[in-house]
Amino acid sequence: MSPVPAFHPPARTLMGPGPSPVSPDVLAALAKPTLGHLDPVFVGLMDEVKGLLQQTFRTENRLTMPVSGPGTAGMEGTVSNLVEPGTTVVVCRNGVFGERLRQMVERVGGVAVMVETEWGRAVDPDDLRQTLAATPGAEVVAFVHAETSTGALSDAAALAAVAREHECLTICDTVTSLGGVPVEVDAWGLDAVYSGTQKCLSAPPGLSPVTYSDRALDRVRQRATPVASWFLDVSLVAGYWDPAGGTKRAYHHTAPVNMIYALHEALRRLQAEGLEAAWARHAQMHAALAAGLDALGLEFIVPAGERLPQLNAVYIPEGVDDADTRRQLLDGYGLEIGGGLGDLAGKAWRIGLMGEGARPETVRLCLGALGEVLGRDGALGAAEPLLAEAVTA
Ligand SMILES: *Cc1c(COP(=O)(O)O)cnc(C)c1O
């Protein structure tokens, strides 16, 4: 048998809903020699990663770490730790990821009470208030800050404030928001928050940064039943990532050492740019892309004011074939954009401007390619003044 040849991925520009483009520096970090997961030098790096994550999440929470698994692992972890059999959880659903939260709550034996929001809209804090008023036993509120299936941004600060009025803890999904729009864990009083590396942090997929408030950890300590998942039980993994004063780090599972190098480099780059500057860059690139999409006659799913800069969902124009268009973009331009998810499958495109993907070059590539494939003019002309403004700002 002849040996299997080495794999060489083609050049792509990733402008879908994730993964996002990864910078050469982050890829180079992945290729550095693997250290033992309890090597003192690696342990020093873990402390730095924790500090960088605290800065990125804007929190002083001690238990702040990357879960070894993609965003979905962070989601399942926060749900598994905060929800016990019989716990009533109010779950806000305005897209695919709110629905995933509901399923996880029910799988660990919780009772999910839904706040339903039309797809493409932000969750209305008054709807949450009404549901909580009608659900006296509720203990936890779970919601998605940035709904990647539709491109809607909910007001996490307002939702958390309503949850607190009713003495509920919050589980907040910041997978797509972290690094792209403001996320203020402490100022907003969020309790169990998870994210992912492959969206606006621009590291490869595979880690899920999480942070837990003291209130959330108290709840975990007071559980009547052990967390059903051994791997995701925060009180066990804390012995590795956050050992109590003076205790030695204990083996829990073998950390994905090289991925943590990559996350460190990605967070370091974000810190060097400045979080506020990164938020501004996402907003500026979104304004330019939106002007171009508008010139192409493409209509946004989410009303202005509730849109995520980093995820632009537009309706596919009538008579245009979804799969064929995306194939032409991929084959002809090396450009990946996303299709619709859930109710929007076949009806929408999702164009990501995440992390390293939120740059003038990617906006130009996308508008130029889409204009050619659709046979419509004017996109670049509409975007260019905004791009010029952004670059000189
Ligand atoms: C991508 C995403 C997830 C899941 O992350 P994975 O890394 O794909 O597991 C969860 N929530 C939201 C809002 C997302 O965009």
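In the predicted model, the side chains of arginine 327 and aspartate 331 form a salt bridge, with N and O 3.1 Å apart. The two residues belong to helix α12 (residues 322-333), where a separation of 4 residues corresponds to about one turn of the helix. Arginine 327 and aspartate 331 are both exposed. Elsewhere, salt bridges with shared partners connect Arg93, Glu99, Arg102, Glu106 and Glu116 in one network. The count of salt bridges comes to 23.

Other salt bridges join separate elements of the chain. One of them pairs aspartate 25 with arginine 269 through their side chains, at 3.0 Å from N to O. This pair links distant parts of the chain, since aspartate 25 is found in helix α1 (residues 24-30) and arginine 269 in helix α10 (residues 257-273), 244 residues apart. Aspartate 25 counts as partly exposed because its relative accessibility is 41%, a value between the limits of 20% and 50%. Arginine 269, with a relative accessible area of 29%, is likewise partly exposed.

A further salt bridge is formed by arginine 215 and aspartate 191, whose closest N and O atoms are 2.8 Å apart. Arginine 215 is part of helix α8 (residues 214-221), whereas aspartate 191 occupies the loop between α7 (185-188) and β9 (192-194), so the pair ties together parts of the chain that are 24 residues apart in sequence.

The analysis then turned to the nonpolar interior. In soluble globular proteins, nonpolar side chains tend to be buried together. In this model, the largest nonpolar core contains 81 residues, of which Phe42, Leu128 and Tyr212 touch the most other members. Helix α2 (residues 40-57) provides the largest share of this core, namely 8 residues. When neighbours within four places in sequence are left aside, leucine 128 is in contact with Val90, Cys92, Val115, Val141, Leu159 and Val162.

Valine 43 is classed as buried because its relative accessible area of 17% lies under the 20% limit. Apart from neighbours within four places in sequence, valine 43 is in contact with Leu38 and Arg249. Between valine 43 and glycine 355, the separation is 312 residues in sequence and 27 Å in space, from C-alpha to C-alpha.

Rolling a probe the size of a water molecule over the atoms shows where empty space is left. The count comes to 1 cavity of 30 Å³ or more, and the volume of the largest cavity is about 110 Å³. The lining of this cavity is made up of 16 residues, and Met65, Val67, Phe231, Leu232 and Val237 are the closest of these to its centre. At least two lining residues are supplied by each of β2 (63-68), α3 (71-82), β10 (207-212) and α9 (234-241). In terms of residue class, the lining of the largest cavity consists of 11 nonpolar and 5 polar residues, with no charged residues.

Definitions and conventions: Residues are numbered from 1 along each chain as its sequence is written. This is a predicted model: local features need pLDDT of at least 70, side-chain atom pairs count only at pLDDT 80 or more; totals for chains, interfaces and linings use all residues. Side-chain values use heavy atoms; hydrogens and water are left out. On a 1 Å grid over the protein atoms alone, a cavity is a set of points where a 1.4 Å probe fits but cannot get out, and a pocket is an open set with protein on both sides within 12 Å along at least five of seven lines; lining residues have an atom within 4 Å of a point. Grid points are joined across faces, edges and corners, and a volume is the space filled by probe spheres set on the points. Ala, Val, Leu, Ile, Met, Phe, Trp, Tyr, Cys and Pro count as nonpolar, Asp, Glu, Lys and Arg as charged, and the others, Gly among them, as polar. A nonpolar core is a set of buried Ala, Val, Leu, Ile, Met, Phe, Trp, Tyr and Cys residues joined through side-chain atoms within 4.5 Å. Buried means under 20% relative accessible area, exposed over 50%, partly exposed in between (1.4 Å probe, protein chains only). Contact means heavy atoms within 4.5 Å. A salt bridge is a side-chain nitrogen of Lys or Arg within 4 Å of a carboxyl oxygen of Asp or Glu.
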